[in-house]
Amino acid sequence: MKRSRKTERLESVLRDNFNAAPEITVSPNWQQGLLERLHQLKPFQIQAKFERTVWRFSWISFTVSATAAVILALYIYTQAGNNADVDPDGNIYTSLAMLD
Amino acid sequence: MTVPDPDHKIINSVLNGNIDDFIVLVNKYRARVFLLTAKRIPVNDVEDVAQEAFIRAFKSLDTFSRQKPFENWLSIITLRTCCDYWRKNARLKEFTAPADDSGHLKWLELVACRTASDEYRKNIRNEDVRELLNWTLKKLQPDDRSLVEMIYFEGHSLKEAAEVLDWGISKTKVRAMRARSKMRRLLDKLLEAQS
């Protein structure tokens, strides 16, 4: 459907009105208010940075611990029984012989 | 040889704890922030939103990458702050249609009349048109509103709009097309009601 020319014209008027923003008179206290808010923010910002560092450290610790646990578990699993110098089948026969 | 950006020196100073130096940046870019805000936000709230934009910039100053100019970075923060304003206010306020207002109808009649193009362009800051614009934009979702403003009214690229809204290009493209279609349907209805 071909767009109505009226709609296009209205859209164009609204666009021009949007771009011709009203002139704003900034109140004299605006900058002072902003500066006060910035000074109030400082401790919070430092606290936020500290919290971020703590979280980062916690994540790194958790990751390292989990990796170490997995490696240890794998090592135990793969090495289990390697030190036995007696054949398991032989053990069974020895045990059976002891029953006699 | 590249000339060091003077803003970087001020940013370093602020990050080292000299908060008052941030006011140098505020004074330098205040006009830009107010211009972006005044286009989008009701006059009564412009100062608060502009202040909020500077506060957000200050809070995340340590994340400023310095690969782009500070002004661009601040503009993105300002546009996001405006978008958040409408997200927050969309749930709180009920908006009434301007249909029965004689001022709006007069303007719609002028728009409808082909020979009157010069007439309606004379007073482009006209308050009735402003209200009509606000009514139309308030009918859109906050994100769609931001897209229409950035892409169709200000001529930003899809990539820039996607960066502001933190979306992918495809999503931005689809949403922008839908938003514009919705806006045009609204305008069609207004004109139909007028005729």
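**A helix, its chain and its neighbours**

Tutor: Let us start with helix H3 of chain B, residues 46-59, keeping in mind that this is a predicted model. At 1.5 Å a residue its 14 residues should span 20 Å, and because its end C-alpha atoms are 20 Å apart, the expectation and the model agree.

Student: Okay, and how many residues of H3(B) are buried?

Tutor: The count is 10 of the 14, so H3(B) is largely enclosed by the rest of the structure.

Student: Which ones are they, the buried residues of H3(B)?

Tutor: They are B:Val46, B:Glu47, B:Val49, B:Ala50, B:Gln51, B:Glu52, B:Ala53, B:Phe54, B:Ala57 and B:Phe58.

Student: Zooming out, how many helices and strands does chain B have?

Tutor: Chain B has 10 helices and 0 strands, and of its 195 residues 29% count as buried. Among the contacts in chain B between residues at least 6 apart in sequence, 61% join residues that are at least 24 apart.

Student: What does the domain assignment of chain B give?

Tutor: It gives domain 1, covering 1-93, and domain 2, covering 95-195. Where these two touch, domain 1 of chain B provides 9 residues and domain 2 of chain B provides 8 residues.

Student: And which helix gives the most to the domain 1 side?

Tutor: That is helix H4 of chain B, residues 70-90, which gives 7 residues to the side of domain 1 that touches domain 2. By class, that side of domain 1 has 5 nonpolar, no polar and 4 charged residues.

Student: Switching topic, how many residues of chain B are in contact with chain A?

Tutor: There are 34 residues of chain B in contact with 31 residues of chain A. Several helices of chain B each supply at least two residues to the side that touches chain A, among them H3, helix H2 (22-40) and helix H10 (169-194). The residues on that side of chain B divide into 23 nonpolar, 2 polar and 9 charged.

How values were computed:
Residues numbered from 1 in each chain as written. Chains lettered and ligands numbered in written order. Predicted model: local features only at pLDDT ≥ 70, side-chain atom pairs only at ≥ 80, totals over all residues. Helix = DSSP H or I, 4+ residues; strand = E, 2+ residues; numbered from the N terminus. Expected span 1.5 Å × (residues − 1). Buried ≥ 20, exposed ≤ 12 C-beta atoms within 10 Å, placed from the backbone. Contact = placed C-beta atoms within 7 Å. Nonpolar A, V, L, I, M, F, W, Y, C, P; charged D, E, K, R; others polar. Domains from an automatic or database assignment.
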